[in-house]
Amino acid sequence: MQALVKRARGPGNLELRDIPVPQMAPDEVLIRVRACGICGSDLKIQDDQHPYTPPVVIGHEFAGQIVKVGGDVKGWAKGDRVVSEQHTHACGHCRQCLTGNAFACASKRSPGYFTDGAFAEFIKIPAWLLHRIPDNLSFVEAALSEPAAVAAHGVLDRTGIGPEDVVLVLGCGPIGLVAAKMAQAEGAAKVIVTGIDRDEEVRLPKARELGIDHAVNVMRADLAALVEDLTRGEGADVVIELSGAPPAITQAFQLARRLGRVGIIGQPPTDEVAIPYREALFRALTVSFSYSSKYTSWERVLSLFERGAIRPAQFISHVLPLDEWERGFDLSRSGEAVKVVLELE
Ligand SMILES: [Zn+2]
Ligand SMILES: [Zn+2]
């Protein structure tokens, strides 16, 4: 089968190759991949700036159809349309696994990083990780489930949005835009999303098209003044950090109101980032760090998609065949795209 393989460490070393179809275990299903989105972490693997184990097929934001079911699998059949959580090799018996938090299991080895992923004709997945795609979603639309589940985990499961909250989302990449829309769907009074100069062309206009109340270029406008204006000087009820930019992380703590909530999802390039620690302490902020996603995040996303509260097609700017992956990666990198999805016939 055709697969996009990261051959070896170092920048580049990424190519379409013909490799064998995966051999599945009795508790797994074999899925014919129909669509797989390009993620920021795929670009980082291309650049050798994210952990992975080569040689490995990359890609993890996938949707497909079951073609073969392992002997121990119950409840799934050939032809079922599915998306999947990413917690392959989670042990199933540690505290994290037993409390529904397999995303944090120390044994987890996610597809697309440490085991073969989904920029390929087929992928094998343990059946307990699957979720059914609602009938009114295409495979391409369903490929947005994984990044949206990351947003749902950080915004809904871990931080929480209350009725009439003023929500500030820092960063307008695909997850930032989905997070902003999710906050609206959850009953926020006002949602502000931020970007920088390179977002002026596509992503900030997209935020406006999505009906986000305020889409702000922080290099041209005074974000703190806007938040003050919108909240009678109190600060935002909730700040969601999705840019990963250290100055924005600092600002996340400054723009939340007293007893406000800060959700951190964006991944900064360095381990240490300056935060106003005493200020955060004496404003009694609640801070939730978050990565990956869990069962409830996926179920919430698929429900939001099914009832049209979030329409995944609005976030997908380009659909390309697998063999145009290079163009897809370039479009994602430049900010000319919102989400690029590679489609397999
Ligand atoms: Zn991703
Ligand atoms: Zn475990």
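Trainee: Which residue in strand 13 does Val 238 stand opposite?

Mentor: Val 238 stands opposite Arg 261. The model is predicted: local features need pLDDT of at least 70, side-chain atom pairs count only at pLDDT 80 or more, and totals for chains, interfaces and linings use all residues. Residues are numbered from 1 along each chain as its sequence is written, while chains are lettered from A and ligands numbered from 1 in the order in which they are written.

Trainee: How many helices and strands does the chain have?

Mentor: Start with the term. Helices (H or I, at least four residues) and strands (E, at least two) are DSSP runs, numbered from the N terminus. Here the chain has 11 helices and 16 strands. Its radius of gyration is 20 Å, close to the 20 Å from the globule rule for 345 residues, so the chain is as compact as a globular protein of that length. That radius is taken over C-alpha atoms; the rule is 2.2 Å times the number of residues to the power 0.38.

Trainee: What share of the residues counts as buried?

Mentor: Count neighbours. A residue is buried if 20 or more other C-beta atoms lie within 10 Å of its own, exposed if 12 or fewer, and partly exposed in between; C-beta atoms are placed from the backbone. In this chain, 48% of the 345 residues are buried. Strand 1 (residues 2–6) is mostly covered, with 4 of its 5 residues buried.

Trainee: Which strands pair with strand 1?

Mentor: Two strands pair if DSSP finds at least two bridges between them. Strand 1 pairs antiparallel with strand 2 (residues 14–18) over 5 bridges. Leu 4 has Leu 16 as its bridge partner there. Strand 1 also pairs antiparallel with strand 4 (residues 56–57), over 2 bridges.

Trainee: What is the strand order in the parallel sheet?

Mentor: The order is 11-10-9-12-13-14, an open sheet of 6 strands. Strand 11 (214–217) and strand 14 are the edge strands, each pairing on one side only. Neighbouring strands are turned by 15° against each other on average, direction ignored. For such angles, axes are lines fitted to C-alpha atoms, for helices over the stretch in contact, and values run from 0 to 180 degrees between N-to-C directions.

Trainee: Which strands of that sheet does helix 4 touch?

Mentor: Contact means C-beta atoms, placed from the backbone, within 7 Å. Helix 4 (residues 145–159) packs on the sheet and touches strand 12, strand 13 and strand 14; its direction makes about 135° with that of strand 13. Helix 8 (residues 246–255) also packs there, touching strand 9 (166–170), strand 12 and strand 13, at about 165° to strand 12.

Note on methods
Contact = placed C-beta atoms within 7 Å.
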